[in-house]
Amino acid sequence: MNIRRTLTVLAGAMLSATSYCQIMPDNSAQVCAYWSKGDSITYDCISTREKTDRQGVKTITDSSSEKRTLTVISEDEKNYVLQVSYKDVFSSNLSLALNLSTEAYSEVCSSVKYNVVTDEVGTVQSLGDLEQSLAAMKTLIPMVLEKAYAGFDKKTWKTLGTTKEQMIQQVTESLCTPEAISKSCIADVSPLLYFHGGRYDIGQEYTIEEPFSNIFGDGQVNGETHFWIDTEDSDSTYLVLRTYTKIDSEKLMPMLRNATIAILQSTMAGQDVDVEMMFDQNAKENHLGAELEQYTVTMVHMPSGWTVQWISDRTITVFDDNGQEQTSVHSEVCISED
């Protein structure tokens with residue numbers, strides 16, 4: 001797949017090429033931001049989660065999409081401040097779970113904006129104006145739950161086992177923390193600025209340790225990521241970088257064990273069963289294991305420093321002597337044609 005040829009016309013029409021090329025005389029490339037206050041870029045973002053069972057049957061379990069806009073609202077010699085906003089937001093699982101129409105869900109999500117601070121080359125540093133983001137979320141959550149509860153019938157109310165006020169308080173206390181908001185917001189920007197600030201030798205493969213989360217519930221694990229410049233698809237205008245990560249059972253099994261035991265404890269509450277011993281025995285007898293593989297490709301428009309496309313494919317495989325199950329997530333972020 002030659003990404004550069006596919007996107008050259010689109011990206012060239014949208015991005016200014018007034019800055020010098022970043023391919024260095026020593027056959028290296030540096031990714032830097034060349035932005036000005038008022039610059040803006042909008043991306044079409046899609047994500048699809050698919051499960052493959054032991055018989056090989058594939059089922060799409062969730063899909064989401066949105067338009068994500070990054071606008072430079074401030075710049076100086078040391079920092080850029082990017083405001084991130086959303087529109088046309090869709091999530092098959094969340095809108096269904098919250099009993100919201102697509103239009104209502106999108107309207108609520110579009111009301112949230114937040115700022116991300118980078119250094120002078122575009123490397124993410126922090127979430128700016130965190131208090132404003134916290135205040136926005138504390139307003140947003142009751143709005144969402146009010147709309148959701150308005151559509152619930154009496155049976156659903158009983159199933160929830162909590163009052164509307166209790167639910168709002170619980171969700172607010174869970175999500176409205178500096179840590180939760182920073183993690184969520186920066187996650188939307190970090191992939192687009194992943195390589196910013198680095199200088200990379202053409203033909204060289206690099207290796208780094210980085211954390212991965214949301215694999216089996218809470219917690220994170222470090223994985224070894226390899227990355228390199230794709231010399232076939234790169235030129236003096238567009239730099240294409242690829243990554244590959246694999247995490248094996250030795251690192252993933254503690255996470256899988258904790259997540260599975262938590263589910264067993266919930267579903268078997270009140271039964272005289274040692275779920276930890278049950279899991280460990282089953283895992284040993286059936287040679288239970290897990291692994292993660294992830295591939296990404298990032299295309300950066302070098303003269304401007306904007307990423308024009310990011311694609312990620314992550315597959316988590318859980319296997320034993322009886323077969324395997326896979327969960328795959330495909331994500332794409334690409335310059336919007338609108």
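## Confidence

The model is predicted, not experimental. The protein chain averages a pLDDT of 83. A score of at least 70 is reached by 81% of the residues.

Among the elements, strand S11 (residues 289–301) has the highest mean pLDDT, 97. Helix H1 (residues 3–14) has the lowest, 38. Over residues 1–23, pLDDT stays under 50. The model still has 55 contacts beyond four places in sequence for residues 1–23.

## Overall make-up

The protein chain holds 9 helices and 13 strands. It has 338 residues, of which 43% count as buried.

Take the contacts with a separation of 6 or more: residues 24 or more positions apart account for 62% of them.

## Nonpolar cores

The largest nonpolar core has 29 residues. Those with the most contacts inside this core are Trp-35, Tyr-43, Leu-70, Leu-82, Val-84, Tyr-114 and Trp-306. Strand S4 (residues 79–91) gives the most to this core, with 5 residues.

Another core lies apart from the largest one. This other core has 18 residues, among them Met-255, Leu-256, Leu-264 and Leu-292.

## The second largest pocket

The second largest pocket has a volume of about 420 Å³. Its lining is made up of 20 residues. Nearest the pocket centre lie Phe-216, Leu-256, Val-318, Glu-325 and Thr-327. Leu-256 is also one of the residues of the 18-residue core.

Several elements give two or more residues to the lining. Two are helices, H8 (249–267) and H9 (275–286). The others are strands S2 (40–52), S12 (306–320) and S13 (323–335). H8 gives the most, with 4 residues. By type, the lining residues divide into 9 nonpolar, 5 polar and 6 charged.

## Thr-52

Is Thr-52 buried or exposed? Thr-52 has 13% relative accessibility, so it counts as buried; the cut-off for buried is under 20%.

Which residues is Thr-52 in contact with, leaving aside its neighbours within four places in sequence? They are Val-57, Lys-58, Gln-324, Glu-325 and Gln-326. Of these, Glu-325 is also among the residues nearest the centre of the second largest pocket.

Terms used: Residues are numbered from 1 along each chain as its sequence is written. This is a predicted model: local features need pLDDT of at least 70, side-chain atom pairs count only at pLDDT 80 or more; totals for chains, interfaces and linings use all residues. Side-chain values use heavy atoms; hydrogens and water are left out. On a 1 Å grid over the protein atoms alone, a cavity is a set of points where a 1.4 Å probe fits but cannot get out, and a pocket is an open set with protein on both sides within 12 Å along at least five of seven lines; lining residues have an atom within 4 Å of a point. Grid points are joined across faces, edges and corners, and a volume is the space filled by probe spheres set on the points. Ala, Val, Leu, Ile, Met, Phe, Trp, Tyr, Cys and Pro count as nonpolar, Asp, Glu, Lys and Arg as charged, and the others, Gly among them, as polar. Buried means under 20% relative accessible area, exposed over 50%, partly exposed in between (1.4 Å probe, protein chains only). Contact means heavy atoms within 4.5 Å. pLDDT is the predictor's confidence in each residue, from 0 to 100. A nonpolar core is a set of buried Ala, Val, Leu, Ile, Met, Phe, Trp, Tyr and Cys residues joined through side-chain atoms within 4.5 Å.
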